[in-house]
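Please consult the sequence and structure shown here.

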Amino acid sequence: MALTLEQRIDRLAARVGELRFWLERDRRPLDAWLFNGQAIEVGQAWPTRAGVVWLEHPQIDLPEQWPLDDVRLRLDLGGEALLQVGYANQTEAFGLDPYHQEVPVRERRLSLSAKAVARLPFGVPNEAARLERAEAVWLEDDLAKFVRLLDLVRETAGALHAHDSEVSDALLGAAETALASTDWPSRSDAYIARVAPGPTMQTLWRAPEPSPDAFAPLGERERNSVIRARTQLQQMLKTLQQRFPPRGQFALSGHAHLDLAWLWPLGETRRKAERTFSTVVALMERYPEFKFNQSSAQLYALIEEDNRPLFEAIRRRVKAGQWELVGGMWVEPDANMPCGESLARQLLYGQRYFARHFAQHAQTAWLPDCFGFTPALPQLLRHAGIDSFMTTKLVWNETNPFPHDLFWWEGLDGSRVLSHSFDNPKGFYNASPDADTLRDTWNSYRGKRHHPESLLTIGYGDGGGGPTEAMLRRVRDLGDMPALPRVGFDRVQALFRRLQQSSRNHDLPVWVGELYLELHRGTLTSQGRTKRLHRQAERRLLRNEVAASMVSLLGLAKVGSLEPLWRLLLRQQFHDILPGSSIREVYERAESELADVIAQSDERLEPHLGALDQRFATRGDTNGVLVLNPELSARPLRIRLEPSPHNDMPEQLGAQRTADGWIVCSDSSVAGLSVNVLHNLPPPAGLAVDRRRLENRYLRVELAANGSIERIFDKQAEREVLAGRGNQLWAYVDKPREWDAWDIDADYRDQGEELTDLADVDVSERGPHRVALTLTRRFRHSTVRQQLRLWANSARLEFVTDLDWHDRHYLLKTHFPLNVRSDTATFETAFGVVRRATHRNTSFEAARFEVAGHRFADLSEPGYGVALLNDGRYGYHARGNDLGLSLLRAPTYPDPYADEGEQRIVYALLPHSGDWLSGGVLHEAEDLNNPLVARAVRSAQPLSWQAVKMTGLQLGLGCLKPSEEGDGLILRAYEPQGARGTVGLELPRGWQVAEEVDGLERPLGEPRFDFGPFQLRSWRLRQV
């Protein structure tokens, strides 16, 4: 009776398993190791698992009869390690981890030195760290090649048999014919000696204990039969390739996704990078066809600092075309939360680093693992010379499969980048070149009707590691296989060029707008302290650059780039740091570095303010205030004052003393990008406060008994703002089914509790510039203290929220049911806004129950609206007329104490007439996040100087900064709402708009001043 295909596959697996016992021709143990200078035996536990340790073998002499090409060291030292193999006149390095444990040799005499940590690739402590294995083996190379080919035949037959039994039958027939021609050892003692260590024999009541003398290698007759059988099998496979041609094609790229920080701190990332890149360089020398891609200028900069010889080896491989630079960014950042200028700097400083050290720019954006993408990104990529985009994360959508894997992605302004993805169910971007992966990934590729080729990245990643030698051998073997897709290493950019050419002849689908990931929505809120510090650091750097540029425009001094501080900030935007999905140690460092960016930026601001003070505050006896507006839009005067050396008495200006310092507001306003000296600042009238009420000339705010807002009446519009109690604080049980710090489940509202335990209400500010009520609420073991503030000159109702949180697995949200009806809400994103449905008509809309927004979200109907502003959170919801903001999450993995303890967040409700832009939402959001800079002065007269005056279409400011190269300044602006028009620019005498530039500050030609919807323009300003 004939065997079934399944039975024949099982038999082939058994035969291959038998052959494996003869793969080693000889073996030598490697004893005499040192651990931190002390002797250690193979099999012995590490004496300490703390920190970085050293394992060394001073000298190894390999037998003379062993051909070096067939020799491998097999090492399992107990953790991840960087191995240095020392020879007489050279050293070669390799990374060791559970997937990389076999090392080739060059000479017979060598030494080993390994820098190791007792960790596994995902940061897991190896509690049983020991010197597990250390041996040199002489391989039966011809048999190894035969076994690899048989293994590939077995995999392919198994992968195809359910849908293509004819191919499977032919493949199995070829393998069976080849095996039948082999002459295999059968002498009992020799055979038992080989198979005795196997799992089957080890299950016996008494396992055999063969004599060492019986451990014999293959004889020449047997070895020759293997060579003949392998040659025969290769010929049969080539014949079958004609009968069953390859189905599809993959451009392979070696890859080692290395998270800058995640389940390990940055210090370990530096070591992971050394280990991974050393392995890749060594493989490239032995496999010249091997191509590898790596993004993130930050990783290269770390290697440049830590291992200069390795850095130079990488540079040589980049020049040779084997090592490909992709991404063009400083890190692979989160693509939802950084502001537009941060993303522009990711590209500017990443591409500048690549150009400086490798004489080239990346041309493909490389963000395989980010949790959604702002629609501003296509324009920013094009602005930085990048025309293609790669991600795989969208295949993670939990509700609606993303419909395309080869498409044009069209951003807010209409810019397009060619985008490609692939769906490898077995490892996403960490693929192995096996038959199942090739079959499944090709079958899932929907773009094949447009272009018959796709990308596949191979190698171990997330914790680094990269491809193995076995993977590269497998790629070579795949050249003989029928029916599977054709594979070969290629450069990513070469593939995208072919895709570009193909796309000219085919109508590719177009995806317009944001790429929303229907998963990992909790990352918009987790680790709130880091998120707020990140927002503050962004604004402080931009503010500093504006002040420095003003000093330059006045001819007072030339100032340099803030690139070193920007690099620190950009590092914290990595897609597992800013989203809040890393371990505690990562946030200890991130918060410290962000605080340092803020402190250094403030420190560097002082000389600029001093220069402006000397220039404009002409000395006199009148109390005044020097005010700098760091944004493009005009602002009402609303400032916090610091005493200056010239005037340490702000109260003489009529300032109000508060717990946070001196404050002043007035009906005066200051122009955008201006410096002003102001006198006589009386506060507007109309402020009132008691324990249940806040009021100014714009709003009347009444509190409910439980501390929520009972009523907000807009005096100017003469209408109610709320449709129910506002500022409802709800704590929802937040225990996602997986991905704790990452996810919020769709039904989180089913189990929630409003915070109604109002412990205290106190009138904390009584004017004349601002009034405030302070409310304290309790929830379980946590306290929420809020100061409700109302300035005399603003309709912005602020909620200064101090959290002292000590409860796990809760999501804290604020809700505002608004007296506004609209089927869309507007959310700020990088350099623009996104409009999203407030209903749940379709599954796509229902999946957007938590969405990204920057400084504001707005719900407006014709003529009127209400905005919700914040200074350091990104997770909003808009459901019907309920507009809300997520304030805090408290997951336990991977940081058991995420968001524990004290932190502050400020949010605000802003009723307005007109739409969000004409109603001043952008200006108020700018003011909340980047207040006017002020200091008390004594001066002779008031004055005002505008550094850059812009007229016409209302724009938002990207930056006003010193140029990175040469003289001059860079001014970047964007259209924020989707309008069209022109602007006029007026500069100080002696300055001109010299040229338009791209995001890398390269000239584009004559400056243009027309803007399309959401368009971004950058200009170089120069002295005439």
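Ser633 counts as buried because its relative accessibility is 9% (buried means under 20% relative accessible area, with a 1.4 Å probe and protein chains only). This is a predicted model, in which local features need pLDDT of at least 70 and side-chain atom pairs count only at pLDDT 80 or more, while totals for chains, interfaces and linings use all residues. Residues are numbered from 1 along each chain as its sequence is written, and side-chain values use heavy atoms, leaving out hydrogens and water.

- Ser633 is located in the loop between strand 21 (619-629) and strand 22 (635-641); strands (E, at least two residues) and helices (H or I, at least four) are DSSP runs numbered from the N terminus.
- Not counting residues up to four places away in sequence, Ser633 touches Gly672, His923 and Glu926 (heavy atoms within 4.5 Å).

- Five strands form an open sheet in the order 26-27-28-29-30, with antiparallel pairing (strands pair if DSSP finds at least two bridges between them).
- Strand 26 (688-690) and strand 30 (719-720) stand at the edges, each with a single partner strand, so one side of each has no neighbour in the sheet.
- Strand 27 (residues 693-695) and strand 28 (residues 699-703) run antiparallel and are joined by 3 bridges.
- Arg693 has Glu702 in strand 28 as its bridge partner.

**A helix pair**

- Helix 1 (residues 5-20) packs against helix 3 (residues 165-180) at an angle of about 35°, with the axes 11 Å apart (axes are lines fitted to C-alpha atoms over the stretch in contact, and angles run from 0 to 180 degrees between N-to-C directions).

Key. Buried means under 20% relative accessible area, exposed over 50%, partly exposed in between (1.4 Å probe, protein chains only).
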